[in-house]
Amino acid sequence: MMKTLSTISSFAVVLLYEIMKIGNSTSDFILLGLFNYTEAHLFLFVMVLTIAFSSLVGNALMILLIHQDVRLHTPMYFLLSQLSLMDMMLISTIVPKMAADYLSGKKSISPAGCGLQIFFFLTLAGGECFLLAAMSYDRYVAVCHPLRYPILMSWQLCLRMTVGSWCLGAADGLMQAAATLSFPFCDAHEINHFFCEAPTLVRLACADTFVFEYVMYICCVLMLLVPFSLILISYSLILAVVLQMRSREARKKAFSTCSSHLTVVGLFYGAAIFIYMRPKSYRSANHDKVVSAFYTIFTPVLNPIIYSLRNSEVKGALRKCMGQCATINHE
């Protein structure tokens, strides 16, 4: 574990060094943002802030419930707590800067800030890709091999998959942030987006980006399609087992647990594949901004709702927590 944390620290040091070198020779970028200053867009801006705040509260509550309730101290809920942590950090990476730019009217971002935003965004988004695959394996073992669950899904394996998800996401973020900012950029430093995203920033480069875009496409295949394929295989095997269950109650419980996970997977992977794997000729800045807002702002708020409303154990932990709070207030 300590060796892995040391590796992550080394990644961060290298990234900061690369970004600082680039920051000395590149002027600031301008983020055009998601909204203008009409009444309709002001309403949308307030709605986005409300959703982002709800996401932070919901995911923080999910982490608190999992930490406080002993019944939720299982690999499944530990992975879910990591998903909530990643969603909270993703919101914190994007929304505060977007809100500050809109309210102040100052939309500039330094190359260093842009590079860090790319790094953290890809670390968290990439980490989620692998974490969702780990969660699908957990469900496969729980449904298909329940008696062997403590062996096939041990705490040691759970921790390794979690750390591996963070490290693979960090490696992708490091590579893409450093490579994207290494290009010379044209005089127009306006980014038609509300945060620094590698595909959008590459469009401003005044150099041949074919090799980089090809490598980025390969990374997307590895980061998106490979985990997504593993998830589909896991749930195909789960479905085959569930359909053979004689107990109606067991089938209902298995479908409830797995359908919530599949909903999260569909929302997250669908949006990410749309952004990163579309042919260049089909890309539109406005479409990219809307879809990016969906999976960076709206999807994180859906995760705690989906998992809490469709999960009796989480609802039980929430009722227990509310009961304890009510008892404290009465005292």
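User: Which residue forms a salt bridge with D101?

Analyst: Side chains of opposite charge can pair when their charged atoms come close. A salt bridge here is a side-chain nitrogen of Lys or Arg within 4 Å of a carboxyl oxygen of Asp or Glu. D101 pairs with K97, with the closest N and O atoms 3.0 Å apart. A word on the source: this is a predicted model, where local features need pLDDT of at least 70 and side-chain atom pairs count only at pLDDT 80 or more, while totals for chains, interfaces and linings use all residues. Residues are numbered from 1 along each chain as its sequence is written, and side-chain values use heavy atoms, leaving out hydrogens and water.

User: Where do K97 and D101 lie?

Analyst: Both are in helix α3 (residues 75-104), 4 residues apart, about one turn of the helix. Helices are DSSP runs (H or I, at least four residues), numbered from the N terminus.

User: Is D101 buried or exposed?

Analyst: Buried means under 20% relative accessible area, exposed over 50%, and partly exposed in between (1.4 Å probe, protein chains only). D101 counts as buried because its relative accessibility is 7%, whereas K97, at 23%, is partly exposed.

User: How many salt bridges does the structure hold?

Analyst: There are 3. One of them joins the side chains of D69 and R71 (2.9 Å, N to O); D69 is buried at 4% relative accessibility, but R71 is exposed at 52%. In another, the side chains of D138 and R139 meet at 2.8 Å, N to O. D138 is buried at 1% relative accessible area, and R139 is buried at 12%.

How values were computed:
Helix = DSSP H or I, 4+ residues; strand = E, 2+ residues; numbered from the N terminus.
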